[in-house]
Amino acid sequence: MTCDSAGDPGADDGDSVVYDLASDCTADDVEYDRPYLAEINGIVDYGVFVDLSDSVSGLVHESVLEGTYAVGDELVVELESVRENGDMAFEPVDVDDYTLRQVSHDYALTGTDRLESNLGEQIHLEGEVTQVKQTGGPTIFHIADEDGVVPCAAFEEAGVRAYPSIEVGDVVRVTGAPEHREGSVQIEVDGLSKLEDQDAEDARERLENAFETRAEPHDVEPLIDWPAFEKLRPNLEEVARLLRRTVLEGRPIRVRHHADGDGMCAAVPVQIALERFIADVHEDDDAPRHLIKRLPSKAPFYEMEDATRDLNFALEDRERHGQQLPLLLMLDNGSTAEDVPAYETLAHYDIPIVAVDHHHPDPDAVGDLLDAHVNPYLHDEDYRITTGMLCVELARMIYPDLTEELRHVPAVAGLSDRSKADAMEDYLELAAAEGYDEERLQDVSEALDYAAFWLRYNSGDQLIQDLLQVDSDDEERHRELVSFFADRAREEVDEQLEAATPHLEHETLDNGAHLYRIDVENHAHRFTYPAPGKTTGEIHDRKIEETGDPVITVGYGPDFAVLRSDGVRLDIPNMVSELEAEIAGGGVSGGGHLVVGSIKFVTGKREEVIDALVEKMAEADIDEALSSAAPIDD
Amino acid sequence: MTCDSAGDPGADDGDSVVYDLASDCTADDVEYDRPYLAEINGIVDYGVFVDLSDSVSGLVHESVLEGTYAVGDELVVELESVRENGDMAFEPVDVDDYTLRQVSHDYALTGTDRLESNLGEQIHLEGEVTQVKQTGGPTIFHIADEDGVVPCAAFEEAGVRAYPSIEVGDVVRVTGAPEHREGSVQIEVDGLSKLEDQDAEDARERLENAFETRAEPHDVEPLIDWPAFEKLRPNLEEVARLLRRTVLEGRPIRVRHHADGDGMCAAVPVQIALERFIADVHEDDDAPRHLIKRLPSKAPFYEMEDATRDLNFALEDRERHGQQLPLLLMLDNGSTAEDVPAYETLAHYDIPIVAVDHHHPDPDAVGDLLDAHVNPYLHDEDYRITTGMLCVELARMIYPDLTEELRHVPAVAGLSDRSKADAMEDYLELAAAEGYDEERLQDVSEALDYAAFWLRYNSGDQLIQDLLQVDSDDEERHRELVSFFADRAREEVDEQLEAATPHLEHETLDNGAHLYRIDVENHAHRFTYPAPGKTTGEIHDRKIEETGDPVITVGYGPDFAVLRSDGVRLDIPNMVSELEAEIAGGGVSGGGHLVVGSIKFVTGKREEVIDALVEKMAEADIDEALSSAAPIDD
Amino acid sequence: MTCDSAGDPGADDGDSVVYDLASDCTADDVEYDRPYLAEINGIVDYGVFVDLSDSVSGLVHESVLEGTYAVGDELVVELESVRENGDMAFEPVDVDDYTLRQVSHDYALTGTDRLESNLGEQIHLEGEVTQVKQTGGPTIFHIADEDGVVPCAAFEEAGVRAYPSIEVGDVVRVTGAPEHREGSVQIEVDGLSKLEDQDAEDARERLENAFETRAEPHDVEPLIDWPAFEKLRPNLEEVARLLRRTVLEGRPIRVRHHADGDGMCAAVPVQIALERFIADVHEDDDAPRHLIKRLPSKAPFYEMEDATRDLNFALEDRERHGQQLPLLLMLDNGSTAEDVPAYETLAHYDIPIVAVDHHHPDPDAVGDLLDAHVNPYLHDEDYRITTGMLCVELARMIYPDLTEELRHVPAVAGLSDRSKADAMEDYLELAAAEGYDEERLQDVSEALDYAAFWLRYNSGDQLIQDLLQVDSDDEERHRELVSFFADRAREEVDEQLEAATPHLEHETLDNGAHLYRIDVENHAHRFTYPAPGKTTGEIHDRKIEETGDPVITVGYGPDFAVLRSDGVRLDIPNMVSELEAEIAGGGVSGGGHLVVGSIKFVTGKREEVIDALVEKMAEADIDEALSSAAPIDD
């Protein structure tokens, strides 16, 4: 039954209740065994005709009538029968004292619970079309209303597009019956029409208000008290709102993240939060699988190749499944000028892009291309607030029930990126309370890094969740697997360093800093763990420990070099710009933070480029406070 | 109704028509409200029995009879009723003057329109089995008759092969009822038998005639008047015929094309033309997706790896879906001796191969392996007739309705391959009339090349269609995307050349030609756009412009070199043969056109090979007319 | 009908049989037209009530009764009718002499044949849950009983997990009706409960006994009489038992094999034997495709990347399809320390691992990680018993009907790995009897190797089966394809050697052996057939033939070398260990057999490593008996 009373029917049992239909109520709003207020509008010799609303009227037969009636008299009646042609017959009800309860015509009757309780009955629903999928049989319209997204099956002819004028984005009114179908409640459509003019405007406003309300992120208390984080919180809430809204509107989400420990600590919680929210919103068990996909990016930026591939898949999904083009969510990645070509490609297809990152951003380059951008550098903070820390809070804003599973994740993220944030202590304590001491956290971090290397372009959902112990159910396996991977990772780093260290070239620069150079192509194993960037980082860390002095480490291959420095005031982005200008035919490009970065050049100019680079390094000031313990990309 | 009249029922409305069933007509041939000529074959006291054919007879009740009748009398009757047991009752019709129209029993009743109008009724159909797919439920026989290809579902037992003796290629007679099923009309099979002897011969002849007629390409006027093209036209019609026939016979088609601008201008129109023709022919909405696949080839020839993969997929499709092995269509590729091993591999599986190409062919090598071969060089024309130009006409011969969308494509193809054909002017005008000025066309060409690079092994259907503005619906997006990709492409070429140009080695050869050499491995960025071949080509083009003189450019890597020359009478295929013989252990191979090509060698002999090559170049005659603006493969 | 008699009903036709239901029999156990022994338990004026068991009773109407009866009297009755409410009516049967036959209530009624003959009737079944797949509709429990594995569909609500407490591994009792569904017999579940306590114990014991019996490998006579093989036979039977048991328990199997001729001769027969056994055991036509997958390993060991990918897929299959994690079957691979990290990764997920290999094993390293390990070296035999020879016998133990198709396979395996086993002669004779002379076998071997190279990471099922002529139906194609591939392979080897041979460096070592060195990176074609390992092997073989003397051949690239020797007492594993210790920063690792192997190092130390290696080789003793004709991995 599609009829709703304005008040709470259970609240005033003491008194009789008589229902008063609003003028726009229809026959669908009338239920058996309910007293309705009617008005007599005609008298014939076999009975009286009564109106219950503008369109609901019927006969009360003289055989059940007592006394006399005049047109305009009120009468309390119950539905007696509905004939096949729709004619209704009523009978009078004897009630003395009663309370009137207004019944308004309910145009939109949806939401998970209300569909379930109206299975098989005809209902109405108004909402926005979010997807139009032509199957071999019916056309499936996914329709978002104030309460959720429901697939509605309309059958014109097998494989033929029903209601061909209706498109994604239209606001429509559907009449039909909810049925169970393949794991979902689905509405079998009897009628579907596009709302026009004022009706459409009203519906859109209603939807807009509902979306706005429901998109509102949960107001969760951050896991720890951290003033620096507070500066980013409003931005993060904006992203949570945007992502929730994206889910409500039935748009798919594609997550691309940095393939390292912090990147996975960021992406996995957000992925799971969104999956659960999608499951709540969508009346389609496959929706979480179809509407969110997570993939690692191998490069530290969004490459044209990845963007072309993502676009290609998105266009195919639109073609085959009538999906909207996705929103792109860049995590621990996506803040720099190198992302611009890929972003612009997607922008031509009106694909919204959101980035949450803690790499040094270039807001001038990416600002206009991003629908939202969270980055500590935009608030005078830095990489020490890692993306994983941010995204655990983001995931909680989206789906707070996840909180219990995430308490240890920010600490893993922080250790992965060697964050020296003052909050680390709190995060470590929080993790410790869950049974994660620092050694175990460090192991998880190493294990994630190791797994990411071998998974290459795969997301490895379950494996990563087991390593991170999020949405994973076997703690013993988690512990064993983490230890095993962490041990393997350390062993393989040791082997790599054993091969590489004898080839380290050392010199003391004019400014007193130690410079270590290593040819990672010729003096380290290739195509194996650890990759050149990590190899360089590990050498650098050991040299800092050994010397205690300012140290610069350069790991180079045929056409690239990875740079790390501690205690020296480098400005790598600036150095790259200078080299680009100074070395004709060097093909120099690259970037990074002040004291950590990478650089590319053409193979034939390697020596010249590195020599020039070292010269610049020798001129840099010593500044013991500067540390390269930032995220380094390989 | 399954009954067909021999004449045209609409042609002689002025006179009454009475139908005369042939002796082999059955009850299915009888329709209500149609007068039939009957003969009385028995008289009983409650009426007379009449015969309409050998197997159609029934009662005319005495209550509707007037006058007296004798056995053997003719009577015109209409069908009054059919009882559940099949007994027919007729009533007499009063007609004075009438024309008799013969009705023959129609064993084959198919074709899209006629199935739709016979839903649920029993029909007969004769045709050739094109695919036998065993599902978990019924066995699906795809049957091609004179009018189309129809899936016929026969159920023996769930998952059990029905009619196991029936195989692909058999000619069969099916009895059953057409029904809507998963977006298709499908026939629910009541009976299916293999035709034998004369019946089979007759049916095959009928099918053969029908296929021949329907395979006939459309006689389209070429987009421009071009005598050179006329020489190739009969060949191209032969290919169109072969491809249409392939569709009619339900054989899949695999398109492999050169992954550059001209290759895509060739492959996309043909792909779309075939998709639309398949959709017309097949009563199965998924047929276009299942029966044609397009893939770029990265190499300028058909590599064993691609062939093995294609064969592997084809064998799997046969195993799983009972499909025939495909026809291979090579576009802008496939004319040379390097294609032979791959072709021979497929030949063992009786996979037909067709090539449309404008690269310098080796007809002795590939001739016997190709079922059809279109190449301007076979008609004393050359690369200037690009494959894209040819294939636009081919697509139109297959599906002429596509014409409006293709007018600008030959110009793009020509610009992509720098064609100096005299027809280019006409093609440019044709494109201009559609709103494509030369700059825009050039942009499309650059954009296609750029997209092809990043798509790597993907076909990127929708993206390429959007760039080419074929089967694409958003012109604004097309324009923006093209500009953006073209600009990116040019920027990246500029960056590459900025790195490479300072490393160019220049010398003036004895014959006065400028020789430029560039080590593209050491002095250009690797794994990025533009690839070595294009990098070399761009350098060459700029040097021609700068010098105006005869120019040879050699771009080399560790084990390959790309060659371009203008104004010098080289004969690269001949040079390669000489080097192969002269340099022991050089592992020299390669080829190309006279003045453009590529060469491979073992890394350790690079210097020797290139030096010997340059020596030969220095001896070549100057001939200002010769240009390398031919398609170059990287 | 679910009722079984204790004796054989066909055995005593001479005498009348009366059935006596056990006290726990239910109405389901009663069949029409069968005389049952009943006892009168009540007398009313319209008849007598009889009991057939504790729960089966009914009325015998007075109209069909003769004589007088007392409560407690026995009466032989037949079922007359069952009313809609389940009430049963019986009628007396007149039998004088009869034999009583006990009928026990049959709780478990399954097995392919018995389900088919009970379609639509209610049955009971007890078994172990092997897979729980949640579909959009019902939950599908795959249940293994003594006779097979049956999918059982339980519907709670669409897409909602039915019986959520039931998990894989539980022993359950199902009540329901077998129906045909999508190519399988499937049981529509009416009730499903977990067995507890004694019931569970009893059922498990029954299942265990049945599994044990049915897992028993077939006792097949080896194809040839070969004492050396006999030593391995019990081990091989153990593997056959384990694999059959794995199938009975519904666990998937993942096969990883060496991507060469012997590897494929091993893997393909086992794959096909398992597919056929799975088809017999599982009431699900898709089971063979879902439960066994074969993939080649490119490396000569199980790489972390492959293991991570396999684990990832397995976890996804568990997540999506409720499958158990697979058993890993390593063939012609998997015996060495290099496999350990990958094995340990899988071990954390309780994935059983079985290896059948003939490479030199390191049982200390892999022993604990393998559930079974067959290797000739563990029995004082060696590589000459190839894995293909072993696996043909293994396949026959699993599915003996395959024998006829496999007689030629051991000979191909032996030739592929140049086995000098004394059994080769018998195998060659066996193959000759099937029409395979040595030349043809050699061709098959070359063709397999060639195809494996181009297939790269694909299994290429049908193509490989066509080459090997196993489960393949077109002998002519097989012959042509084999010749073609074998010829191509030889031609390409010739081309490679033509390029490489002039660059061979020759010296005579102090011990008199010839040493040949070839830089396969610089003096052979890259990325093409043959790969460096095979190139080195072919050079070596030709040099042995040319010189007749002791020969060592070293093929090296930037960071690897492949070693082959004949007639010299090398100990490569020992040499590698020494080099590892002696050359700091060399990053040396590797291994192999005594006289054949490969070695890795960092690029920058290549010269030093190879020089040191050669020095060691020069000190080795000459021993003409030693041959490197062992399997070599590239």
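**Reading the contacts between chains**

Modeller: In this predicted model, 30 residues of chain C are in contact with 26 residues of chain B.

Colleague: Which elements supply the side of chain C that touches chain B?

Modeller: Strand E12 (171-181), helix H13 (438-455), helix H14 (461-468) and H15 of chain C each give at least two residues to that side, and the largest share, six residues, comes from H15(C). Sorted by class, the side of chain C that touches chain B holds nine nonpolar, eleven polar and ten charged residues.

Colleague: Which residues are buried in helix H7 of chain B, and what covers them?

Modeller: In H7(B), residues 340-347, the buried ones are Pro341(B), Ala342(B), Tyr343(B), Thr345(B) and Leu346(B). Their cover includes helix H6 (304-321), strand E16 (327-331), strand E17 (353-356) and helix H8 (363-366) of chain B, together with helix H15 (475-500) of chain C.

Colleague: How many residues of chain A are in contact with chain B, and which elements do they come from?

Modeller: Here 26 residues of chain A are in contact with 30 residues of chain B, and the elements giving two or more residues to the side of chain A are helix H6 (304-321) and helix H7 (340-347) of chain A. The largest share, nine residues, comes from H6(A).

Colleague: What rotation superposes chain A on chain B?

Modeller: In general, two copies of a chain are related by a rotation about an axis and a shift along it. In this case a rotation of 120° with 0.1 Å of shift along its axis superposes chain A on chain B, with an RMSD of 0.9 Å, which is the relation of a three-fold axis. Of the residues of chain A, Pro558(A) comes closest to the rotation axis, at 8.0 Å (C-alpha).

Methods. Residues numbered from 1 in each chain as written. Chains lettered and ligands numbered in written order. Predicted model: local features only at pLDDT ≥ 70, side-chain atom pairs only at ≥ 80, totals over all residues. Least-squares fit on C-alpha atoms with pLDDT ≥ 70 in both. Contact = placed C-beta atoms within 7 Å. Helix = DSSP H or I, 4+ residues; strand = E, 2+ residues; numbered from the N terminus. Buried ≥ 20, exposed ≤ 12 C-beta atoms within 10 Å, placed from the backbone. Nonpolar A, V, L, I, M, F, W, Y, C, P; charged D, E, K, R; others polar.
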